[in-house]
Amino acid sequence: MTDFNTIRQYNFPTIIRFGAGAVNELPDHLLKNGLHKPLIVTDPMVSQLGFFKNILDSLTAKSISVEVFSDIHKNPVKTDVLKGGDVFAATGRDSIIGIGGGAAMDVARAIVLRVNHHRDLFDYDDLIGGDQYVTEEVPYFITIPTTSGTGSEVGRSAIISEDDTHRKRILFSPKLLAKIIFADPLLTLELPPFITAATGMDALTHNLEAFLAKGFHPMADGIALEGISLINESIVAAVNKPDLASRSKMMIASLMGAVAFQKGLGVVHSLAHPLSSLLDTHHGLANAVNLPYGIRFNIAGFEDRFIKIAKALQLQEETGEAVVNHLFELNKQIGLPTTLGAIGVKEEHIETLSNLAFADFCHPNNPKPVSREDFKKLYLEAI
Ligand SMILES: NC(=O)c1ccc[n+]([C@@H]2O[C@H](COP(=O)([O-])OP(=O)(O)OC[C@H]3O[C@@H](n4cnc5c(N)ncnc54)[C@H](O)[C@@H]3O)[C@@H](O)[C@H]2O)c1
Ligand SMILES: [Fe+2]
């Protein structure tokens, strides 16, 4: 039952410039704001791509000094952030631009924090109340997504792992929100099919879990349902035969997922996170495989929510089971595996995975409680 005597906070993000060619506005935007020396944070792969070089050229053509930092891991670690912070200071930068997928944008955001905050990086961990130490100003921050998945471009947090244990920590503060986002679907035109599929299913998981999450947040719910619908109508085309329309819908829907998940995530993300820590599985792939199993866990008691999801997916049969079957089918259509066994998970991993999943920060927002035993059962079903 919704408690209408409670006061809630709804946060909606910053300026989003969305559309084909939006990134061309970057140089003038910097100059208009008196910024001439950005640190560009990306990953080693993206730094080699044609569009990235074009962005650099467009900046240098306007006499903007660029410094690129791309020395980051696939699942970024603390030393990546410290190195980036040193480069910012040593080269006298005045702003930070994160260009790439969630990994690059998260490192960029963590460097934004690092520049004027010099306690141990993990003192700022949100789960131990770290955002109270985010007291100083932060440099001007811009994000430019090049995958359609995490929605980190509109986020206020950065997920950074410990170097030795690979445990994921969350740095969070509203100050870490980008001042402006240039979301240009043309940057994703060449995204390979597997990355499109995995990151796209991450975005679908965000929208689905946000819609189902506990709490009264009709604004997030509305955004999530439209996000589900957009991904459903474009993900197969984006993977198998991409064009501007499918890439545009995926990009806006991934951003919508991250706006919606301020409401919370749930059991699927808690099943997925330990796979990345323990087996280095890509975040989107881990969600994709766990999604139908985790969502099925939520049907009983929430049938009315599943009718709305089935409508957004335009299913003939408006039931939770039909939604689950559709998700299995979708994974197959976009070439992703449908069992954990197919991505290297073995029965001997399940005990550790279940402990980690139970300790994860996402499932307290799941519409129904999830026990350690539930996690074990779900992993066993999915294997
Ligand atoms: N901040 C958040 O709210 C949040 C939420 C979920 C996950 N994350 C983090 O995000 C990361 C995952 O992000 P992701 O799924 O975007 O993957 P990613 O950033 O790891 O990118 C996946 C791969 O795609 C490549 N790539 C990126 N753009 C490309 C392009 N346009 N063309 C060709 N290749 C391109 C990258 O080089 C990389 O190899 C994880 O580190 C995860 O922890 C953050
Ligand atoms: Fe995610």
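A polar side-chain atom of Lys168 lies 3.1 Å from an oxygen atom of ligand 1, a polar contact being a pair of N or O atoms within 3.5 Å, where within protein one atom must be able to donate a hydrogen and the other to accept it, and residues adjacent in sequence count only if both atoms are side-chain atoms. The model is predicted, with local features requiring pLDDT of at least 70 and side-chain atom pairs counted only at pLDDT 80 or more, while totals for chains, interfaces and linings use all residues. Residues are numbered from 1 along each chain as its sequence is written, chains are lettered from A and ligands numbered from 1 in the order in which they are written, and side-chain values use heavy atoms, without hydrogens and water.

Two further side chains approach ligand 1 in this way. An N or O atom in the side chain of Asp106 is 2.9 Å from a nitrogen atom of ligand 1, and one in the side chain of Thr147 is 2.8 Å from an oxygen atom of ligand 1. There are 27 residues around ligand 1 (a heavy atom within 4 Å), of which Asp43, Met45, Gly102, Thr146 and Thr147 come nearest.

Helices are DSSP runs of H or I with at least four residues, numbered from the N terminus. Helix H8 (residues 267-279) packs against helix H12 (residues 350-359) at an angle of about 120°, with the axes 8 Å apart. Axes are lines fitted to C-alpha atoms over the stretch in contact, and angles run from 0 to 180 degrees between N-to-C directions. H8 is therefore oblique to H12, given that angles under 35 degrees count as roughly parallel, over 145 as roughly antiparallel, 65 to 115 as roughly perpendicular and the rest as oblique. Ser270, Pro274, Leu275 and Leu278 of H8 form the contact (heavy atoms within 4.5 Å) with Thr352, Leu353, Leu356 and Ala357 of H12. These residues comprise six nonpolar, two polar and no charged; Ala, Val, Leu, Ile, Met, Phe, Trp, Tyr, Cys and Pro count as nonpolar, Asp, Glu, Lys and Arg as charged, and the others, Gly among them, as polar.

H8 also meets helix H9 (residues 283-297), the axes coming within 8 Å and crossing at roughly 140°. H8 and H9 are therefore oblique to each other. The residues of this contact divide into eight nonpolar, seven polar and no charged.

Arg305 is located in helix H10 (residues 303-312). The side chains of Arg305 and Asp221 are joined by a polar contact of 3.0 Å. Leaving aside residues up to four places away in sequence, Arg305 touches Phe211, Leu212, Asp221 and Lys263.

Terms used:
Helices (H or I, at least four residues) and strands (E, at least two) are DSSP runs, numbered from the N terminus.
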